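User: I'd like to go through this one label by label. Please set each value against its cut-off and tell me what follows.

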Amino acid sequence: MPLTVVARVMTNNASVQNVGVRLNVIGCLGDLDGSDSVDDADCSLFAQSYNELVIPPGDPAADLNQDGFVDDSDFILLVQAYDRLLCE
Ligand SMILES: [Ca+2]
């Protein structure tokens, strides 16, 4: 489930800027939609980022090993999580 946090930051020249950070709160590795299971819906979301390969435009949540790419290494982790189905 995406969560956006906005903070007000003062820069060196004393101007104030709003900075937004998008956090993906997930139930477990591979649970891209936050449903507490790894199922077909997560595979569909993963496929979209797999086609993009790089983060961004791919979704950082699909980068399961957090190396900046959504590739076969992440797919192996997704398949293992899909086999377990439920987040523990
Ligand atoms: Ca990766």
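User: Where is the place of L53 in the fold?

Analyst: L53 is in the loop between α1 and α2. Before going on, this is a predicted model, where local features need pLDDT of at least 70 and side-chain atom pairs count only at pLDDT 80 or more, while totals for chains, interfaces and linings use all residues. Residue numbers start from 1 along each chain, as its sequence is written. Helices (H or I, at least four residues) and strands (E, at least two) are DSSP runs, numbered from the N terminus.

User: What makes L53 count as exposed?

Analyst: Its neighbour count. L53 has 12 C-beta neighbours inside 10 Å, so it counts as exposed.

User: Which peptide bonds around P56 are cis?

Analyst: There's one on each side. The bond from I55 to P56 is cis, with omega near -25°, and the one joining P56 and P57 is cis too, with omega about 15°. Most peptide bonds are trans. Both P56 and P57 sit in the loop between α1 and α2.

User: What is V54 in contact with?

Analyst: Two residues are in contact if their C-beta atoms, placed from the backbone, lie within 7 Å. Leaving aside neighbours within four places in sequence, V54 meets that with G68 and F69. V54 and D71 are 17 residues apart in sequence, with their C-alpha atoms 8.6 Å apart. For V54 itself, 12 other C-beta atoms within 10 Å make it exposed.

User: How do you know that the length of helix α1 agrees with what it should span?

Analyst: The expected span is 1.5 Å times one less than the number of residues. For the 13 residues of α1 (residues 40-52) that should be 18 Å, and the end C-alpha atoms are 19 Å apart, so the two agree. α2 also has 13 residues and reaches 19 Å, close to the 18 Å expected.

User: Why are the buried residues of α1 said to be on the same side?

Analyst: The buried ones are D42, F46 and S49. They cover an arc of only 65° around the axis, which puts them on the same side of α1. That arc is taken over the directions from the helix axis to the C-beta atoms. The face turned away from the buried side carries exposed D40, S44 and N51. S44, for one, has 11 C-beta neighbours inside 10 Å, so it counts as exposed.

User: What makes the buried residues of α2 line one face?

Analyst: In α2 (72-84), D74, L78 and A81 are buried. Down the axis they fall within an arc of 65°, so they line one face of the helix. Exposed D72, I76 and D83 are on the face turned away. The cover over α2's buried residues includes α1, and the cover over α1's includes α2.

User: Which residues make up the largest nonpolar core?

Analyst: A nonpolar core is a set of buried Ala, Val, Leu, Ile, Met, Phe, Trp, Tyr and Cys residues joined through C-beta atoms within 7 Å. The largest has nine residues: L32, V38, F46, A61, A62, L64, V70, L78 and A81. Among them, L64 touches L29, G30, D74, L77 and L78, not counting residues up to four places away.

Terms used
Buried ≥ 20, exposed ≤ 12 C-beta atoms within 10 Å, placed from the backbone.
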